[in-house]
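Subject: Structure handover

Hello,

Here is the structure we talked about. Please open it next to this email and follow along residue by residue.

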Amino acid sequence: MHLLVLGGSGRTGKLIVEEAIRKGHSVVALVRSPSSLAARPGLMSIQGTPMQCKDITRAFRASPTPPEAVLVALSLKRVSDSPFAAISPDAPDRFMENSVANAIAVMKDFGTKRIIILSQWGAGNSFGSANFLFRAMFRYTNMRYGLAAHNAVDEETRQAGVEFVLARACVLADGDAAPIQLYPDNGEAIGFLAKITRASVAKFMIEASEKDDFIGKSPVISN
């Protein structure tokens, strides 16, 4: 397959790119700085931002055929890597929401039907499955901004008329890919402090782009 990755220079995005290439796919990554991704066969880095439709269009036109799927691993820009950190003062309004909307608009122009989005446990109807500590953090700390963005992406993507998968990842951790546990969209029966490695998320997102099993779904995923 030929894939477009948005957010490919981030910690999870880089692993998505690596997993796609490992499985023999070709990848175009739209990134602010092409030097943030090591050059390798099967990868083309295009400088730009998903906040601009023209940049996404250039990424679609970078290869003879348009991407068969778009994979999104975007997150809000914070003043540090901590999920509790404040949103950076220069972070664009509706960064995640508008980036996904722009990607879908360009997808429709080129006839690409599938988008796989890295979401989070707690988004949408999975909020009730989070333990009381996480529910409090999602409500009263800076984590609420990321959740609000994921909720908006979730709602808007469902109305966009495309084949979507929203991967509701639990607490992200470093480490190798491990067996993935799948839970229903609402997260029913998930553990108290579920985690998943970023490498496992990458593996799931590539598989979701290859198969039809999760189209129209938002499974909660953990190890």
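D55 and K54 meet through their side chains in a salt bridge, 3.4 Å from N to O. A salt bridge here is a side-chain nitrogen of Lys or Arg within 4 Å of a carboxyl oxygen of Asp or Glu. This is a predicted model, so local features need pLDDT of at least 70, side-chain atom pairs count only at pLDDT 80 or more, and totals for chains, interfaces and linings use all residues. Residues are numbered from 1 along each chain as its sequence is written, and side-chain values use heavy atoms, with hydrogens and water left out.

D55 is buried at 7% relative accessibility, while K54 is exposed at 55%. The cut-offs are these: buried is under 20% relative accessible area, exposed is over 50%, and partly exposed is in between (1.4 Å probe, protein chains only).

D55 has another salt bridge, to R58, with the closest N and O atoms 3.3 Å apart. The two residues sit three apart in helix α2, about one helical turn. An α-helix has 3.6 residues a turn, so residues three or four places apart point the same way. R58 is partly exposed, at 42% relative accessibility. Through shared partners, salt bridges join K54, D55 and R58 into one network.

Helices (H or I, at least four residues) and strands (E, at least two) are DSSP runs, numbered from the N terminus.

What else is buried in α2? The buried residues are D55, I56, T57, A59 and F60. They pack against β1 (2-6), β2, β3 (43-47), β4 (69-72) and α3. Contact means heavy atoms within 4.5 Å.

Now the other salt bridges. The structure holds 11 salt bridges. One of them joins K23 and E210, whose closest N and O atoms are 2.9 Å apart. K23 lies in the loop between α1 and β2, and E210 lies in helix α6 (residues 198-210), so this pair ties together parts 187 residues apart in sequence. K23 is partly exposed at 33% relative accessibility. E210 is partly exposed too, at 29%.

Next, the aromatic rings. Rings of Phe, Tyr and Trp (its six-membered ring) pair if their centres lie within 6.5 Å; planes under 30 degrees apart count as stacked, over 60 as edge-to-face and the rest as tilted. That rule gives six aromatic pairs. Why is the pair of F60 and F110 tilted? Their ring centres are 5.0 Å apart and their planes are at 40°, so the pair counts as tilted. F60 lies in helix α2 (residues 53-60) and F110 in helix α3 (residues 95-110), so the pair ties together parts 50 residues apart in sequence. F60 is buried, at 1% relative accessible area. F110 is partly exposed, at 26%. Elsewhere, W121, F127, F134 and F138 form one aromatic cluster.

Last, the largest pocket. About 1,400 Å³ of space lies in it. Of its 45 lining residues, R11, L74, S75, L76 and R78 are the closest to the centre. On a 1 Å grid over the protein atoms alone, a pocket is an open set of points where a 1.4 Å probe fits, with protein on both sides within 12 Å along at least five of seven lines; lining residues have an atom within 4 Å of a point. Grid points are joined across faces, edges and corners, and the volume is the space filled by probe spheres set on the points.

Best wishes
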